[in-house]
Amino acid sequence: LLFFAAGLSYFHSCTAFYLPGLAPVSFCDESSAGEDCQSEIELFVNRLDSVESVLPYEYDVFDFCQDTKERRPSENLGQVLFGERIESSPYKFKFNEDFKCKKVCTKTYKKGARQDMAKLDFLKMGMQLNYQHHWIIDNMPVTWCYDVEDGQKYCNPGFPIGCLVTMDGRAKDACVINSEFNKKNTFYVFNHVDIKITYHSGAAEGWRGARLVAATLEPKSINTDQTNPTCEGPPMEVPVDFDNDVSILYTYSVTFSEDNSIKWASRWDYILVSMPHTNIQWFSIMNSLVIVLFLSGMVAMIMLRTLHKDIARYNQVDQEDAQEESGWKQVHGDVFRPPRKGMLLSVFLGQGTQIFIMTFITLFLACLGFLSPANRGALMTCAVVLWVLLGTPAGYVSARLYKTFGGEKWKTNVLLTALLCPGIVFADFFLMNLILWVEGSSAAIPFGTLVAILALWFGISVPLTFVGAYFGFKKAIEQPVRTNQIPRQIPEQSFFTKPIPGIVMGGILPFGCIFIQLFFILNSIWSHQMYYMFGFLFLVFIILVITCSEATILLCYFHLCAEDYHWWWRSFLTSGFTAVYLFIYGVHYFFSKLQIVGAASTILYFGYTMIMVLIFFLFTGTIGFFACFWFVNKIYSVVKVD
């Protein structure tokens, strides 16, 4: 924990370190440019997204100015799956060359022209739903920084297309920033940007050129003279009703400033520090972790003391006294009786093992800085590649447990392990992709990528699952006690030892230790905020594993003491029920925090949420099962059974 505490303080300071592949680029004036120092600064544009819609769109879909020689940098698998579509832009400038009010292009919309009407309507839709530009300079997001409550500054890694003043005169979204945006039933297009580039000079440190450490902009709406633009004048108004021709001139200004106090390695700090959740929830997160650790310690202490007394008592009493005893020893002849639907349970556990190892390695690499926000798409790419390569442990665990349950249909077991849960996820993902494709969203996965994913699945993951199953079927797990031929009758159970109340209660404590982090994770997914607190997330992951294990063991112990030996499925479902609380929280988050509108966006939200819930169900259920499996094996191996 000391190691992770050090990691937390590191992440709190937000000082990121960059690994090979993210080397700094030096810039210098055009007169002194060379191989090691370039003068031209490229501005790339990414997809546009909105907190009011799950559907992102490519830059080209909106009728903005486009680059004459459009280039697209190569994208990794994670970027494609997340729907990132990066391309070159028409905004061109050179290092340390300031200029004011440079024209990019003019877009004209003729009244009565159907194509122009469709383009303008789509632009208005983007402004109404508050779609945001995402620009990139030197692999950094170009941010829009503005003052918020309590004198703090918030740097948003995006800026809006424009905004709307409604029929009743209410200024929506970004229209509140300017008192001149006051005309009813009118859109205001942000057609001008003031870009400010901050750089760190290497002159005083012995290296050539300069490195960019910040890129900010301020969007403005200006209706200026189109033949000789000065970038001064009233706001650029676009009426809701298309009654007259509309002409929008896009312009930009660029200024450079030197700031040697900001190091290149910590250039993301000003964005991460300003995130609205960075400084708010630190103490509450720590309190949650301390409480959960304290509860876990208490549970472990009670279990160890009670069990120690039980084992001592069972091992000391005579056989005649033992006949009158009640408790978990009495079900020793039935506790390892194979469960019903053992095939399905073994399949779930194989898949859960695959997900658990994938999550652990991904989070560990993220903690080390390999999967930082600067390395776009790396997190998703890493997770997918790891999942594909971890087919062997999935097949091994599933086959070994199925063999232990006395199963003989090994082919069915392997095929279900390789295909059932991934098949459900892929089917859901494919349906969501169809909706994105119909809506023309940039998040729609290209057909070639889908084929590549299927090739990874069937070409690598499935064969590796068969390899794991081959070794898993060789030997069953030896049980510490023999199973009786005739099942023992289970006595009448109290309300709390019945299956459903126990399962429902079992998920509360694990969910309690993750719900704060869950809020941040959902914010990063649906509210398009950067997530970088992997130190905390890894610590919460460890706490979740401990809590799932101990909650399941505790409830398992109570059920065995009540002489109910059906623990196989119950141990899986007890901690797996945390996923139900995750779904309920997802519904609550949708209605209370998001402003998503439209049937397509709603279906997409719940479609992707169901994928998360299924993965989390397998993950937590597997943790609980193996903790309980270890516990049951341990207690029955140390007690004398005649």
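1. Helices here are DSSP runs of H or I with at least four residues, strands are E runs of at least two, and both are numbered from the N terminus. On that count the chain has 18 helices and 17 strands. Keep in mind that this is a predicted model, where local features need pLDDT of at least 70, side-chain atom pairs count only at pLDDT 80 or more, and totals for chains, interfaces and linings use all residues. Residues are numbered from 1 along each chain as its sequence is written, and side-chain values use heavy atoms, with hydrogens and water left out.

2. Overall picture: 52% of the 642 residues count as buried (under 20% relative accessible area; exposed is over 50%, partly exposed in between, with a 1.4 Å probe and protein chains only). The chain's accessible surface (Shrake-Rupley, 1.4 Å probe; for residues, only the protein chains shown count as cover) is about 29,900 Å², and carbon and sulfur atoms own 61% of that. Taking contacts (heavy atoms within 4.5 Å) between residues at least 6 apart in sequence, 78% join residues at least 24 apart.

3. Have a look at the surface around Trp410, Leu415, Leu419, Phe458 and Phe466: they form a nonpolar patch with about 450 Å² of accessible area together. Patch residues have over 30% relative accessible area and no salt bridge; nonpolar side chains (Val, Leu, Ile, Met, Phe, Trp, Tyr) are joined within 5 Å, like charges within 9 Å. A salt bridge, for the record, is a Lys or Arg side-chain nitrogen within 4 Å of an Asp or Glu carboxyl oxygen. α10 (410–438) and α11 (447–472) each supply at least two of the patch residues, and the largest share, three, comes from α10. Phe458 sits in α11 and is partly exposed, at 44% relative accessible area.

4. Helix α7 (residues 342–367) checks out: its 26 residues should span 38 Å at 1.5 Å a residue, and the end C-alpha atoms are 37 Å apart, which agrees. The expected span is 1.5 Å times one less than the number of residues. Just after α7, Gly369 has a positive phi of about 95 degrees.

5. β2 (residues 48–50) and β3 pair antiparallel over two bridges (pairing takes at least two DSSP bridges). They make a hairpin with two residues between them, and Ser50 is bridged to Ser53 of β3. Five of the five residues of β3 (53–57) are buried.

6. Two asparagines are worth a glance. Asn96, in the loop between β4 (87–94) and β5 (99–109), has a positive phi of about 65 degrees and is partly exposed at 35%. Asn130, between α3 (114–128) and β6 (132–133), has phi near 60 degrees but is buried at 11%.
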